[in-house]
Amino acid sequence: WLKSFVRRAAPALRAGCPRPSAAMAAAAGLPRRICSRITGPCQRVCKLFRGLYQDSPLAFSLAITIILLILLIGSLFSMTVSQYVGSRGAAVADLLVFWLFARLVARALLFPGSLKLFQRNTEATFRVEMARQYAHFLRQTWTFLRHAARQSESMLRGVSADGIMRGFAVVETLTASYRMQQQQHEVKLSKTQIEIQNLAQEIERWLKAAQVKPPSEQGRQGHPVPLMDWIRQQVACQQMTRAGNQAALHALMSVELFGNEEEAMSGIERLEQLLAAIDELRHSNLSFFATACRFLRVPAVGSLNQLRTELQMRYGGQRCWVRTRGGSKVDGMFIPCDGPAGEAGQDEGLAEDVPLKAGATSRSPIFSGPTIVWCNPNAAYYETMVYQASVLKFWLSHGCNLFFFNYSGYGASTGLPSPGRIAEDGDAVIAFLKGKGITQIGVYGRSIGGVTACHLARKHPDVVQLLIADRTMSQLQTAAKYLYGAWAATGLQFTRMIHTNTDNFWEVRCYKLLMVDPKDTMILECAALRTAIALRVVERMNAEERLSIDDDTLQGLAEVWRFFQALFAICENDDEGLETALGQDPGRPARQPALMREDPRSTDCRVKTAPEAGGGSSDGTPSQGVGGGASGAGRERVSTQWLQDNAALVRSTLSPLVDQIRSLLDIVGDQLEGGGTTLNDAFLDNPSDPEWAIRCMLASIQVWGTLGDQRGEFESLGDSPPTVSRSGGGTAGEPHPQLSRAPVSDREIELFLRKDIVQDFLPHREATPQRLREIAKLLTPEAISAYHRRLSRSRVAQARKELRRRISALQPALATLTASGSAGAVGTTPSGSSGGSGGAAGGAGAAAGGEVAGSAEQVERLVRSIQGLLGEIEGFVSMLGRFFKSVDLALPYSRQKGHLGDPTLPDTTPVSDSSDEKVLEASVEALKLGSLEPQPAIDHSVAGYIMHLDCGHNGVLDEVDCRQLALHLRAARFGRASPLDF
């Protein structure tokens, strides 16, 4: 009630009191800023704790208990030490123990895979999933065998010949896996594992000797044949034709087991026992103590030992031990491309839901040819790659060997991980491969693995020919800062768990590829390596080639965005959104920086400051907004705090127009995009420092261009232009001979990058698989990079044109709103009825005049502020358009001669906005036709190439991503072309 009373009384008190000075306003806002600095972090911590408790109450309770125990132990330790060395010695000991504990926590957060508890959690996940798959196929086998032994007369529902065969493979896999763990890996099996192994061995012996009597053509029982051979025949029959499914099912229903009935009963009983033991592994209906004991033990199935043996059996891998410089042993696995799964097309048994067949390769792999060194993320083990068959199949089919390894402290590797230690592990792996005679190496690093990959590519340029940095960060401390807060970055610096990745990537001179996901929730845009590289590329451009915007200008744009966020929150009664907008407001004095419209001839956008008491600019000329000169009440713009104090007036006045204003801002917020990050994303990802987020986005749009919507409608840039004929001859309307024309049009590049084209139903006739293969043969990484940069020009031009159109449509409503507000204030009708017209805007103005008497001046201030702020946004978009136009058409690019004018003449572009827009659209059309390349040229040997994903931080590449990656491998001349590509 008190808060509501203060909000209503504030306008009257403000009108009757003298206007405070800027110093008094700043002093009055000091307590509020101090309180916000204290309460803001406390609210975020409370919200974090509440979210953790809601996600997992048990884990939250355990964490709080552990923290309290640590505090208790620390207090007891300090009291004990102080009795022997005094209070000062105890303080020193406490600081040392605190530093060691902080380093332990930092290591646990950066390298969770080094913790045994995390390893057990990973193994528990695989235990449940593998037990589910095993039980599914074993149940089909058990059901069929009971029916064949005439123990059941029910229908074989959910049973297929393929499922029965895979059930046989489960038995063989368990037997071979346990045997290999004992013989090659020297693993001591647990009691449960021994029981499962004995059951699987007995069942395997019986299945190999079992026979069946299939029905003959006359319906009688035929001659006995081996059970497993007959099942294979049924699987082949089932895969040949669709009618084979019914024939195979009929055969399964009619077949009978042949031989000793007691042996058959004993084999089926053992299979039932094995099925029960597997089912028990995936159930969680145990007591707390039993569940904890099972969690802490090595699981019977799904352990890293079993996954390692399956990796060997499936792909013919060889386990390798690599000794590092520090004396640690690194566990690795070399998988040759000429192994069991190396040839393209042999994908039988490689799917994740297909159990392995028995038998490990006895042939030693040959260490030769191009080899990819795989650097894992911080929470992964190389053994789990066995269930990423599509990834392994891609690399092996392209003639690349794979070398996986676990960092120090991960899995069976010894030692403790750190940013420097994992780099040393990579050095030891490279030395090991060089000692085996391998001279063509590529390094792949995802997440924190990018730290190792970039280090190896820089330190070993003699053998490393390919670097792929997949969803990695520029600095460890920067990634922690933007994900958790400044305290996390400070903690990493305090514990020396820091590493800089940008310099290593920048100095590498082999073929470099950045794989990024713009919507990555772990490594945000401001912390991504691609952003740091874009900022460095822009920094090294010439002054006339880069977009130079000072911090005050970006700060003004952020304030404009914050203002409209508060406006929308008030009109929609969104208290949380309003608090967020007001919490970001730094509470600036009356002299605030503001964006102003610049001379169209200039590409530099410099800040103008609104005067304290006048409406003119710093040079004495009156400032012009979208709605004309700012005079009278419109001279002083309202702030976000003013919006909150006059919430009723704002809501009643602008509610009919809020959707129109929001759609207008969405044009800018969604269309302006740099490398997949829109202007809206920049404000949301970094609310504490939006200026830096905008600068990062602008650097990405200059270097990487615009990603576009790979799943939405086709871009207007994608209109198929006339291209040079494939035979090399030109067309009649071809531009100047010096102008290069791409062999693949932008429309075809769009088709190549599309992710919503389903092979069963092609919405676009030109996107046939054969056409996509033809495009892949002609396309180059340079063409894709130029396409994204051309798309950025087109997006800016479209956003500028649409923004102006919508602002023009909004202006009459705002003008009518101001006139209606004045009429409501002057008139004597208390109900607020207006005699004028103007639709919803006029009605809203009349309602405002009736509800808040004498508020005409406030309404006019509000409308003038909105007009001025919209003008600033329009000026920012226009500045981007003029920049791209001036750079792409700038001298001395002589190869554009003869198409867009004589380069010897000075730039005589008219200064009017309409003429400026025509020139911008002309340049965009030239970019569409391929006759004009975006400028300045990017040196990809330094900046590398970029490849966009949309699978999240831990997702697997899809078919389109693999198609792009194959294109980069061909450009890097690494590996061989796969028949799957063409």
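Helix H12 (residues 389-397) is mostly covered, with seven of its nine residues buried. Buried here means under 20% relative accessible area, against over 50% for exposed and in between for partly exposed, with a 1.4 Å probe and protein chains only. Helices (H or I, at least four residues) and strands (E, at least two) are DSSP runs, numbered from the N terminus. The model is predicted: local features need pLDDT of at least 70, side-chain atom pairs count only at pLDDT 80 or more, and totals for chains, interfaces and linings use all residues. Residues are numbered from 1 along each chain as its sequence is written, and side-chain values use heavy atoms, with hydrogens and water left out.

The buried residues of H12 are Ala389, Val391, Leu392, Phe394, Trp395, Leu396 and Ser397. They pack against helix H11 (304-315), strands E5 (329-335), E6 (371-375) and E7 (401-405), E9 and H33. Contact means heavy atoms within 4.5 Å. Just after H12, Gly399 takes a positive phi of about 75°.

Strand E10 (residues 511-516) has six of six residues buried, so it is largely enclosed by the rest of the structure. Both of its faces are covered. Tyr511, Leu513 and Met515 lie on one side, and Lys512, Leu514 and Val516 on the other. In a regular strand the side chains alternate between the two faces of the sheet. Two strands pair if DSSP finds at least two bridges between them. Strand E9 (residues 464-470) runs parallel to E10 and is joined to it by five bridges. Asp470 has Met515 of E10 as its bridge partner. E10 also pairs with E17, in the parallel sense, over four bridges. There, Val516 is partnered by His948 of E17.

Helix H18 (residues 529-539) is likewise mostly covered, with 10 of its 11 residues buried.

A separate topic is the open sheet of three strands, in the order E2-E1-E3, with antiparallel pairing. Its edge strands, E2 (225-226) and E3 (256-258), each pair on one side only. Two bridges join E1 (residues 211-213) to E2. Gln211 stands opposite Pro226 in E2.

A nonpolar core is a set of buried Ala, Val, Leu, Ile, Met, Phe, Trp, Tyr and Cys residues joined through side-chain atoms within 4.5 Å. The largest such core has 213 residues. Those with the most contacts inside it are Phe144, Ile231, Ile278, Trp395, Phe564, Leu643 and Ile866. Helix H30 (residues 856-888) gives the most to this core, with 14 residues. Apart from it lies another core, of 12 residues, including Leu753, Leu779, Ile784 and Tyr787. Phe144 touches Leu156, Val159, Ile164, Leu227, Trp230, Ile231, Leu252 and Val255, not counting residues up to four places away in sequence.

The whole structure holds eight cavities of 30 Å³ or more. A cavity is a set of points, on a 1 Å grid over the protein atoms alone, where a 1.4 Å probe fits but cannot get out; lining residues have an atom within 4 Å of a point. The largest cavity has about 100 Å³ of space, the volume being that filled by probe spheres set on the points. Its lining has 13 residues, of which Pro781, Ile784, Ser785, Tyr945 and Ile946 lie nearest the centre. Helix H28 (781-826), strand E17 (945-948) and helix H33 (959-972) each give two or more residues to this lining. By class, the lining has six nonpolar, seven polar and no charged residues. Ala, Val, Leu, Ile, Met, Phe, Trp, Tyr, Cys and Pro count as nonpolar, Asp, Glu, Lys and Arg as charged, and the others, Gly among them, as polar.

Conventions: On a 1 Å grid over the protein atoms alone, a cavity is a set of points where a 1.4 Å probe fits but cannot get out, and a pocket is an open set with protein on both sides within 12 Å along at least five of seven lines; lining residues have an atom within 4 Å of a point.
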